[in-house]
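This report describes selected features of the structure shown below. It treats sheets, helices and individual residues in turn.

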Amino acid sequence: MSNFPLEAHDLTVAYDRRPVIYGVDVQVPEGKLIGILGPNGAGKSTLIKAVMGIVPKSGGWVKVFGKPFERNAARVGYVPQRESVDWDFPVNVMDVVLMGRYGKLGLTGRLSSSDRDAAADALEKVGMLPFAKRQISNLSGGQQQRVFLARALAQESDLYLMDEPFVGVDAATEAAIIELLRELKSRGKTILAVHHDLPTAQTYFDMLLLLNMRLVAFGPTEEVFTQELLQKTYGGRLTILAEVADQRVQRK
Amino acid sequence: MEFWKQLIPPFDFQQVFVEPWTEYLDSFLWIFAMGFLVTAACGFLGTFIVWRRMALVGDAISHSVLPGIVIAFLVSQSRDTLPMFLGALGAGVLTTVLIELIHQKSRIKTDAALGIVFTTLFAFGVVLVSLYGENVDLDVDCVLYGELEHVIFETPVAFLGLFEAPNSVLRMGAVTLAVMVLVAVFYRPLLLSSFDPGLARSMGVSPAVIHHALMALLAVVVVSAFEAVGAVLVIAMLIFPATTASLLSDRLPVILGLTLLIALLSAFLGLHLALWLDASTAASISVVIFGMFLAAWASRCVTRVAREGFRR
């Protein structure tokens, strides 16, 4: 009996008949902090969107805790890319975090005081409770990301899918987020986060999923974070060492 | 100076503000009610339309309604409300479907697809009017500017035995009420899919279903408002109350409430402006809302300067 938090078989997604991800087979074990790595256009965001049905699958299947996603949607928390929403939208921080509770309410249910308590707890955890009444455009990038994270916490899920949670945030926020993710993991939650920074990937994640249209490798960080596999992921023309060397030359 | 005095009609407070509410109350009340209901329904729904960046879809629908009305007339051979309404609604829904279809099945972007669809349908309507002009009793002025005052020429019908009101006012009242009830009941899915379609989808709320439901509702509102305010000014009613309210508040529920207040105030002031200047009522209401928009914008600028001034 396989009840992996996330299991995909031959998962394929195509836009306009052009495949974006192709034949991805993966079985994600419980209670791990997993980084999804790959070059731009490798289909990292598409992979997690396809899991949740945000983009349609062209082939293959996905199971979440042993069932199709729709039947277990309430057990999945989602943190979209920060730029994917309009931050001028007339809602305040509390309104956004409360959206995390909508999934459990059905189409026309009403928010209860326990929903408000859960939202306040989530804000407290990311250090944003004093900003609860603040309009969301009056926040820094790091604060906006914390609000999104609080919303995911308010979902009280078992599997979290996060799209670039570290992009455009300050160092303090990045440290706070990673501490929070480790705390979630210690409570048996499973987290998959799209990530783009190689040096930190090695220290942040237990496991890495290397993706470049196809699944290149998936396994414990110490086994997967090798020159050979990374080169395979990011393309032979561009080795990581060469990239770093380039940056040094440019600085001079 | 004399020249300027000629341009501005004399203002008689008694005639402009008092007499409508005393001597002509019977007819004036219904014109006022119609003005308020149209602006309220458009403003309320317009808030979501504006924040979802679909402001011009209302424009498109209001123009493509023309062929729908003409065809409904040719088929039913009557000017009854129901066939007109169904024809217009069909054209409105067709517009949104065609825009979506062109956008998805080609590389043409939504704004260009919108331009293609509504101009084509409007032109089609104009050709139909020219072809069967003598059979179709359609006034082009009425199509463009609407005739809010027409409500007083209708024979009042009884409403639940409580009071008598013109049919179109009752219909607009029902539409306005329906819009407010639907928005209240489905407020959360509407808010979620407007702010974050991705999260909505992951929670099992289909943004596509919400989008099409909203478009259908928009078509109903625009079609109902069409007769009263015309194809062009309905856009002002859709966009101005929502943008004005959005300048005054950062909370969606407050903004929705403010659009109703703005509708009430602009219908009141607009009607009296129209009486004074002897001008189109719909146009006068639009001018008043524009004035409110400017005032809201100015007040926002002033409060920002004041707040930042204090900080320093």
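## Conventions

A residue is called buried under 20% relative accessible area, exposed over 50% and partly exposed in between, with a 1.4 Å probe and protein chains only.

The model is predicted: local features need pLDDT of at least 70, side-chain atom pairs count only at pLDDT 80 or more, and totals for chains, interfaces and linings use all residues. Residues are numbered from 1 along each chain as its sequence is written, chains are lettered from A and ligands numbered from 1 in the order in which they are written, and side-chain values use heavy atoms, with hydrogens and water left out.

Helices (H or I, at least four residues) and strands (E, at least two) are DSSP runs, numbered from the N terminus. Two strands pair if DSSP finds at least two bridges between them. Axes are lines fitted to C-alpha atoms, for helices over the stretch in contact, and angles run from 0 to 180 degrees between N-to-C directions. Contact means heavy atoms within 4.5 Å.

## The three-stranded sheet of chain A

Three strands of chain A make an open, antiparallel sheet in the order S2-S1-S4. S2 and S4 of chain A are its edges; each has a single partner strand, so one side of each is left without a neighbour in the sheet. From one strand to the next, the twist averages 20°.

Strand S1 (residues 6-15) and strand S2 (residues 18-28) of chain A run antiparallel and are joined by 7 bridges. The two form a hairpin with 2 residues between them, and A:Asp16 in the turn has a positive phi of about 50°. A:Tyr15 is placed opposite A:Arg18 in S2(A). S1(A) also pairs with strand S4 (residues 59-64) of chain A, in the antiparallel sense and over 5 bridges; here A:Leu6 stands opposite A:Val64.

## Helix H1 of chain A

Helix H1 (residues 44-51) of chain A lies across S1, S2 and S4 of chain A, at about 115° to S1(A). Of the 8 residues of H1(A), 7 are buried, so this helix is largely enclosed by the rest of the structure. The buried residues are A:Lys44, A:Ser45, A:Thr46, A:Leu47, A:Ile48, A:Ala50 and A:Val51. After H1(A) comes A:Gly53, with a positive phi near 75°.

## The six-stranded sheet of chain A

A second open sheet in chain A has 6 strands in the order S5-S6-S7-S3-S8-S9, with mixed pairing. Its edge strands are S5 (76-79) and S9 (214-220) of chain A, each pairing on one side only. Neighbouring strands are turned by 15° against each other on average, direction ignored. S5(A) and strand S6 (residues 159-162) of chain A pair in the parallel sense over 4 bridges, and A:Val76 has A:Leu159 as its bridge partner in S6(A).

Helix H8 (residues 227-234) of chain A lies across S3, S8 (207-212) and S9 of chain A, running at about 35° to S8(A).

## Residues in the helices of chain B

Which residues does B:Gly92 touch, not counting those up to four places away in sequence? They are B:Ile61 and B:Ala219. B:Gly92 is part of helix H5 (residues 81-105) of chain B and counts as buried because its relative accessibility is 0%.

Helix H8 (residues 167-185) of chain B includes B:Val185, which counts as partly exposed because its relative accessibility is 34%. B:Val175 is also found in H8 of chain B, but is buried, with a relative accessible area of 11%. B:Val175 touches B:Val220, B:Val221 and B:Ser224, not counting residues up to four places away in sequence. B:Val175 and B:Leu37 are 138 residues apart in sequence and 8.7 Å apart in space, C-alpha to C-alpha.
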